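Okay, thanks for coming, everyone. Have a look at the sequence and the model on the screen, and then I'll walk you through a few parts of it.

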Amino acid sequence: MGRDRYPKQSLGSLYRQIKDSRVLMVGAGGIGCELLKNLVLTGFGEIHIVDLDTIDLSNLNRQFLFRHEHIKKSKALVAKESAGRFNPNVKIEAHHANIKDPQFNVDYFKSFAVVFNALDNLEARRHVNKMCLAANVALVESGTTGFNGQVSVIKKGKTECYDCTHKETPKSFPVCTIRSTPSQPIHCIVWGKSYLLTEIFGTSEDDSPELDHSEDSENLKELEKLRQESQALKVIRGSMGSEDFPRLVFNKVFKEDIERLRSMEEMWKTRKAPQALDYDKLSQEALGSGTAIAQQDQVTWTLAENFSVFVDSIRRLSSRLEDLRASSVTGNAPPILSFDKDDVDTLDFVAATANLRSYIFGIEMKSKFDIKQMAGNIIPAIATTNAMTAGLAVLQGFKIMRDELDKAKTVFLNPGKGLTERATLPEPPRPPKPDCPVCSVAQTRLIVDTSRATLNDLVEDFLKLELGYGDEFSVNSEAGTLYDPELDDNLSKKFPELGVNGDSFLTIIDEEDENPRVNLVLAISELPLPKDSKPIHLPEKLSIARKPKQTPAPSETNVNGAVTNGAVKRKRDADEAELEDELIRKRGKVAEESSKAIQNGDAIVLDDSADGAIVIDDD
Ligand SMILES: Nc1ncnc2c1ncn2[C@@H]1O[C@H](COP(=O)(O)OP(=O)(O)OP(=O)(O)O)[C@@H](O)[C@H]1O
Ligand SMILES: [Zn+2]
């Protein structure tokens, strides 16, 4: 019996089309492994995989294409090797690379019938969304968080794009809460991870997205003191590797800094004052506890045990950094160590220092296991959710292949009532938002001879003279604003000096009060043009619509309960808000509506406890 008998039977005429198609899968992690297996077994003729990461021990419980011997190898390459065995008729091409690399340009995206996202971060999802819009290729976007999953179809001009809806920014904490007045375990964990670890073994706390500096101006005096404390810690870094190093760090952060804080009586009128710790006393108490305790990650360590793990982990990290420094090449950036939830040395350090600080402030101490979840912002990944989501993604892929976009669905997967029942809630995709800055735009490719073209050529010659823009507009790259009526310093600069190269995108925002045009997105292609011609050339006809008149958008409540008004400029660009926040926002609605869907007989996935069969009815 041929391996393609069943796919042929169930897919009918679509089978041939699928066999001749080329699809792209971005991300080969939890969803990606399941998705690749589905694509290969369905018989998609050519599958490209892009993933930048290598395999980690913690991936193995659910990323079933990987085995222990694959740890540290490329996910994309191993996924190709493992899944290729399921169906040798399928051609798989694997790239161990970032999807944002310039080799994956608009033409590359154009070469696929469908793009499947199996990513885990907002930034990469936004990028693929933008590339698929530019290439006019359909994208199946998917994501999971614990028991919740979501699949949606994105097609230029037909459906909402990834950026049409607001994505929440990750949670950050005011600096003073973290550095001076912690009140919850998470505050101490962020302190251990984003302040102490980075100050001693990394660069500087200022880079951390978890620290919110927006209230800085209200606390200038305290912040000045905190800056001095950081400076003093930097001096202590100089004795890294010495026998005394753990004591020096300990006395600084768990004694002197705490005593200074405690002396600020105003601060402790309404809060419990912190209590400094004593190194010698704790080392006496810790004599019997040893370092093996660090392996017990489900129990809450005693104060003395936390002390032992602190001393041991700071020594482990110090010698690692010393070794890295000894082998680093002069001229390169000095080596640093940064937090990784799967790096046991950094995790032990963060767990122990967070707990010591919690003790000082009278906050509950936590187990290393709990700290790992909190420090890594981890919601456990559920293999079954990934598998179901990947299955739903392929079903949507079929509709795209059949050119039946009108039948495509945004599907929410969520835990139904109880543990055994699961349900999906399909909705028709929403239309594109007329004011979306990403998809409701005019878009074109622009050929630029970057060896000659200056920003002035673009602004004066191309935008004003050729396209008829007035005086009020701005030119923006991914790095920020390059030009607006108040910012003309860059006009004489050539494109590469502004960080704009082939396959960069520029967005032109018309800021005229009267009847402004929609945003214009220019996909730059680098090409030498004849010397006697202009250095910027528009290869295709372009028409730019006017922005729809603003009607005040209804207020909506975000995850954190803050009310935002859709008419106000959206807060954009956070690295890892991911799909999760959207899912959390929708979770309440899904739970409520899925029970309605059950009553109405709409599409549903039910785990039938009688015979274990799972029925997926997606239409
Ligand atoms: N810009 C990018 N280019 C290519 N691949 C990416 C990019 N960003 C993320 N990925 C990949 O997307 C995949 C997402 O998979 P998943 O959510 O299962 O994460 P993971 O890192 O495998 O697991 P976990 O984060 O739960 O430990 C990862 O393999 C990751 O390397
Ligand atoms: Zn959009």
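I'll go from the overall picture to the ligand, then a sheet, a pair of helices and a few single residues.

Some housekeeping before that. What you see is a predicted model, where local features need pLDDT of at least 70, side-chain atom pairs count only at pLDDT 80 or more, and totals for chains, interfaces and linings use all residues. Residues are numbered from 1 along each chain as its sequence is written, while chains are lettered from A and ligands numbered from 1 in the order in which they are written.

So, the overall picture. The protein has 17 helices and 20 strands; these are DSSP runs numbered from the N terminus, with helices being H or I of at least four residues and strands E of at least two. Of its 619 residues, 38% are buried. A residue is buried if 20 or more other C-beta atoms lie within 10 Å of its own, exposed if 12 or fewer, and partly exposed in between, with C-beta atoms placed from the backbone.

Now the ligand. Which residues come nearest to ligand 1? Of the 21 residues around ligand 1, they are Gly 27, Gly 29, Gly 30, Asp 53 and Asp 120. To be near, a residue needs its C-beta atom, placed from the backbone, within 6 Å of the molecule. By type, the shell has 8 nonpolar, 8 polar and 5 charged residues. Here Ala, Val, Leu, Ile, Met, Phe, Trp, Tyr, Cys and Pro count as nonpolar, Asp, Glu, Lys and Arg as charged, and the others, Gly among them, as polar.

Next, find the open sheet of 6 strands, in the order β13-β12-β14-β15-β11-β16, with mixed pairing. β13 (480-483) and β16 (536-537) are at the edges with a single partner strand each, so each has one side without a neighbour in the sheet. Two strands pair if DSSP finds at least two bridges between them. β11 runs parallel to β15 (residues 520-526), with 7 bridges, but antiparallel to β16, with 2 bridges.

On to the helices. The axes of α8 (residues 185-201) and α14 (residues 368-375) come within 10 Å and cross at roughly 75 degrees. That makes the two roughly perpendicular, the label for 65 to 115 degrees. Axes are lines fitted to C-alpha atoms, for helices over the stretch in contact, and angles run from 0 to 180 degrees between N-to-C directions. Ile 186, Ile 189 and Lys 193 in α8 meet Ile 371, Met 374 and Ala 375 in α14. Contact means C-beta atoms, placed from the backbone, within 7 Å.

Last, some single residues. Is Thr 144 buried or exposed? Thr 144 is buried, because it has 28 C-beta neighbours inside 10 Å. Thr 144 belongs to β5 (residues 138-145), and residues it touches include Gly 30, Ile 31 and Thr 389.

Asn 136, in the loop between α6 (122-135) and β5, has a positive phi near 55 degrees. Asn 515 also has a positive phi, near 50 degrees, and is exposed, with 9 other C-beta atoms within 10 Å.

Notes
Parallel < 35°, antiparallel > 145°, perpendicular 65-115°, else oblique. Contact = placed C-beta atoms within 7 Å. Lists of a residue's contacts leave out its neighbours within four places in sequence.
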